[in-house]
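Hi,

Here is the structure I promised to pass along. Have a look at it first, and then read on for my notes.

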Amino acid sequence: MCQGLSAPSPPCSALLSFTLLLLLSVVGPVSAWRPWPQSNKMNISDYAFGDSKKYEGSSEFVKLRYHMGPVLTTNITVHTIWYGKWERSQKKIIREFINSISAANSPHPSVAGWWRTVQLYTDQTGANISKSVRLGEEKNDRFYSHGKSLTRLSIQSVIKSAITGKTRPLPINPRSGLYLLLTADDVYVQDFCTSVCGFHYFTFPSLVGYTLPYAWVGNSAKFCPGQCAYPFSVPAYIPNRKPFKSPNGDVGVDGMISVIGHEMAELATNPLANAWYAGQDPSFPVEIADLCEGIYGTGGGGSYTGQVFDARDGATYNMNGIRRKFLVQWLWSHVLNYCTGPNALDH
């Protein structure tokens, strides 16, 4: 059916594509996320539904509902587009995080344990989101094929170039493929730093030729680490607060990890903007990671991350990967009706 923001169907593709283009230019992608506290003043209104997306513990205000759309129940393959110049060491950090999602043997608390909250979500048949997440093909766009300043629409053009390129194009997998566009620290994306650190949506057939769930996340190291790599960098409006030491020695990339996790969790549970979210408007949904923005441990909320761990070298983390440690925000559990993570003290 040609309804809302669901994937376009052939009989009305031209009209719907125009409508979707208009909507995208006005409201932007489904999820726009930033990990830093929006004010250094904390009060009860910070947790009121509709005023903020931060919640600590259970809340009667949260009405997360399933809207009958598809979720990613088959084995998830992450196809990565490295846009701009990336160091080999930076790629290794991100690859290990993604590979850790299905690494059941990682020490507790683990990235795999964090993903179990995502697995609890189901589609209308009762099928759970897949526990299998693996790295797929990669595409390097080191020469900035669409420039160093991207709009929301040109991001889709980058994806199109990656799947239609003459040399080693990315495979086209609308059913279980997840396309992850990562921009280097010298690339600016529309609304980056001012209101978003990453977002997810789906591509339009009129632009790309297919409906593909995708996410974009930028490296904020040069533009706004205090905004998008918090708490490894601290914004100026939070006085007398020292940044945490990043667990992998790269503030920009360690900051990206939590944003990548945020967007992947929401892509799995709401890939076409018609599955799991709170609120009445699919153009402005509150999704499972939005509800726990800035919470990394028990007691978290506002500018406080919650109770996390200190590594031997003084770095801060809350979960283990295969070989590395990461700091990743918690997710909303519709079973427990509150934010949770593998390092929760009540586990």
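Which residues do ring pairs link into a cluster? Before the answer, one caution: this is a predicted model. The cluster is made up of Tyr188, Phe192, Phe199, Trp216 and Phe223, joined through ring pairs.

One of the contacts in there deserves a visit in your viewer. Phenylalanine 192 and tryptophan 216 pair edge-to-face, with 5.3 Å centre to centre and 85 degrees between the planes. Phenylalanine 192 belongs to the loop between strand S7 (188-189) and strand S8 (198-202), while tryptophan 216 is part of strand S9 (residues 213-218), so this pair ties together parts that are 24 residues apart in sequence. Both partners are shielded: phenylalanine 192 is buried at 1% relative accessibility, and tryptophan 216 is buried with a relative accessible area of 0%.

Looking at aromatics across the whole structure, the search finds 16 aromatic pairs. Among them is the one formed by tryptophan 82 and tryptophan 86, again classed as edge-to-face, at 5.2 Å centre to centre and 70 degrees between the planes. Tryptophan 82 has a relative accessible area of 1%, so it counts as buried. Tryptophan 86 comes out at 12% relative accessibility, and because buried means under 20%, tryptophan 86 is buried too.

The charged end of lysine 148 sits over the ring of tyrosine 144, at 4.7 Å from the ring centre. Lysine 325 does likewise with tyrosine 317, its charged end lying over the ring at 4.6 Å from the centre.

Leucine 120 is found in the loop between helix H3 (111-119) and strand S4 (133-141), and it is partly exposed, with a relative accessible area of 38%.

Finally, a word on glutamate 137, which is placed in strand S4. Its relative accessible area is 41%, so it is partly exposed. What does glutamate 137 contact once its neighbours within four places in sequence are left aside? The list is Val78, His79, Thr80, Arg168, Leu170 and Pro171.

Terms used: Residues are numbered from 1 along each chain as its sequence is written. This is a predicted model: local features need pLDDT of at least 70, side-chain atom pairs count only at pLDDT 80 or more; totals for chains, interfaces and linings use all residues. Side-chain values use heavy atoms; hydrogens and water are left out. Rings of Phe, Tyr and Trp (its six-membered ring) pair if their centres lie within 6.5 Å; planes under 30 degrees apart count as stacked, over 60 as edge-to-face and the rest as tilted. Buried means under 20% relative accessible area, exposed over 50%, partly exposed in between (1.4 Å probe, protein chains only). Helices (H or I, at least four residues) and strands (E, at least two) are DSSP runs, numbered from the N terminus. A charge sits over a ring if NZ of Lys or CZ of Arg is within 6 Å of the ring centre and within 35 degrees of the ring normal. Contact means heavy atoms within 4.5 Å.
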